[in-house]
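Work through the exercises below with the sequence and the structure at hand. Each task is followed by a solution in steps.

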Amino acid sequence: MATPRRPLASPLVCLSFLLTLGCAEDAPPAPTDDDGDGLLSDFEAQVGTQPDQADSDGDGCDDALEVLSYFDPLNAEDRPYQGVYPRGPRPDDAAFAEMAETFGAGFDTGQQNTNWTLLDQHGEAVELYDLYGQVVLVLIAREWCEPCQEDAQALEPLYQEQKDRGFVVLNLMLEGIQDDSPPQTDRWAEYWGLSYPVLGDHSPGDYTQTDAALHYIDTPGLGYDTPNHTLLDRQLRTVTLYDLNSFDADKINELIDTPVPEVDVLLPENADALRAELGLNPDSWLVSPELCEG
Ligand SMILES: [Ca+2]
Ligand SMILES: [Ca+2]
Ligand SMILES: [Ca+2]
């Protein structure tokens with residue numbers, strides 16, 4: 001970010017303190033924000049970011065913005081998405097392991113989905129576990145399939161309407177405009193006006209060779225129909241698997257109305273003030289990557 005932030009502990013504060021009460025000799029030094037990124041150095045020590053570097057991982061986003069928008073300030077590959085998809089707080093690995101123990105790990109109804117990662121239409125990695133806390137609709141489609149085209153378009157207004165409340169469509173694309181040809185996710189997204197993540201997961205005539213779709217196609221043999229839908233709740237547990245009917249807007253809205261699960265994340269004490277200073281909306285998980293470049 002171009003504009004360095006004001007240090008939160010002003011020298012004037014210490015001066016007025018000296019004049020009125022005097023400074024105890026063994027008083028601990030006031031916390032400082034040496035790199036001006038808005039995070040006090042003692043907080044930076046707790047989360048592992050650099051106290052003398054505003055952007056610890058060098059991805060263009062200052063530490064404070066990453067911490068407050070739930071991206072990883074120590075991973076340059078992880079920063080606000082070009083597609084501006086919602087991102088909430090993510091549980092740590094131990095918490096995910098505990099949930100898998102409780103609900104069962106896998107993709108059957110009620111189970112805690114196992115994590116997976118695919119590239120979207122902007123070439124960015126989208127990881128399922130980063131979407132914890134949101135209602136997720138997995139749409140599996142092929143470019144040549146007309147009902148898929150209609151379905152994908154019909155989901156766009158629902159995504160626009162509800163993404164602020166924690167709803168995302170993950171559109172897994174298996175094939176391109178010809179049977180078995182590779183999908184082009186940017187072409188599909190652009191042509192049909194889709195802003196949710198469109199993820200390439202090519203199945204050259206055999207869905208068992210896909211990286212994620214194979215978990216959501218619950219059918220014997222290699223045959224499967226598109227479009228199909230799998231709905232996950234806010235804890236990423238399967239609610240309905242491989243549904244061949246049109247997406248169920250009522251069920252989706254019912255899940256969106258459920259409370260967001262609590263996640264233990266370390267946030268600075270000045271989080272509210274910092275959010276306001278950085279231009280982050282405290283009621284939304286949508287963060288534009290433009291905030292990073294200032
Ligand atoms: Ca820093
Ligand atoms: Ca960064
Ligand atoms: Ca980062």
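**Exercise 1: the sheet and its edge**

In this predicted model, H229 has D243 of strand β7 as its opposite residue. Task: determine in which sense β6 and β7 pair, and over how many bridges.

Solution. Start from the strand that spans residues 228–232, which is β6. Follow its pairing with β7: the two strands run antiparallel, joined over 3 bridges. Then place the pair in the whole sheet, an open one of 5 strands ordered β5-β4-β3-β6-β7 with mixed pairing. β7 (238–243) is an edge strand, as is β5 (198–200), and each of them pairs on one side only. From one strand to the next, the twist averages 20 degrees.

**Exercise 2: helices on the sheet**

Task: find which strands helix α5 touches, and at what angle α5 runs to β3.

Solution. Take α5 as residues 146–162 and look at its packing on the sheet: it touches β3 (135–142) and β4 (167–175). Compare directions next; those of α5 and β3 make about 160 degrees. Repeat the step for helix α6, residues 185–192, which lies across β4 and β5. The angle of α6 to β5 is about 155 degrees.

**Exercise 3: two domains**

Task: describe how the domains are divided and which residues make up their contact.

Solution. First read the domain assignment: domain 1 consists of 1–87 + 266–294, and domain 2 of 93–256. Next count the contact, to which domain 1 gives 10 residues and domain 2 gives 12 residues. Sort the domain 1 side that touches domain 2: 5 nonpolar, 3 polar and 2 charged. Finally, take the centres over C-alpha atoms; 35 Å separate domain 1 from domain 2.

Definitions and conventions
Residues are numbered from 1 along each chain as its sequence is written. Chains are lettered from A and ligands numbered from 1 in the order in which they are written. This is a predicted model: local features need pLDDT of at least 70, side-chain atom pairs count only at pLDDT 80 or more; totals for chains, interfaces and linings use all residues. Domain bounds come from an automatic or database domain assignment. Two residues are in contact if their C-beta atoms, placed from the backbone, lie within 7 Å. Ala, Val, Leu, Ile, Met, Phe, Trp, Tyr, Cys and Pro count as nonpolar, Asp, Glu, Lys and Arg as charged, and the others, Gly among them, as polar. Two strands pair if DSSP finds at least two bridges between them. Helices (H or I, at least four residues) and strands (E, at least two) are DSSP runs, numbered from the N terminus. Axes are lines fitted to C-alpha atoms, for helices over the stretch in contact, and angles run from 0 to 180 degrees between N-to-C directions.
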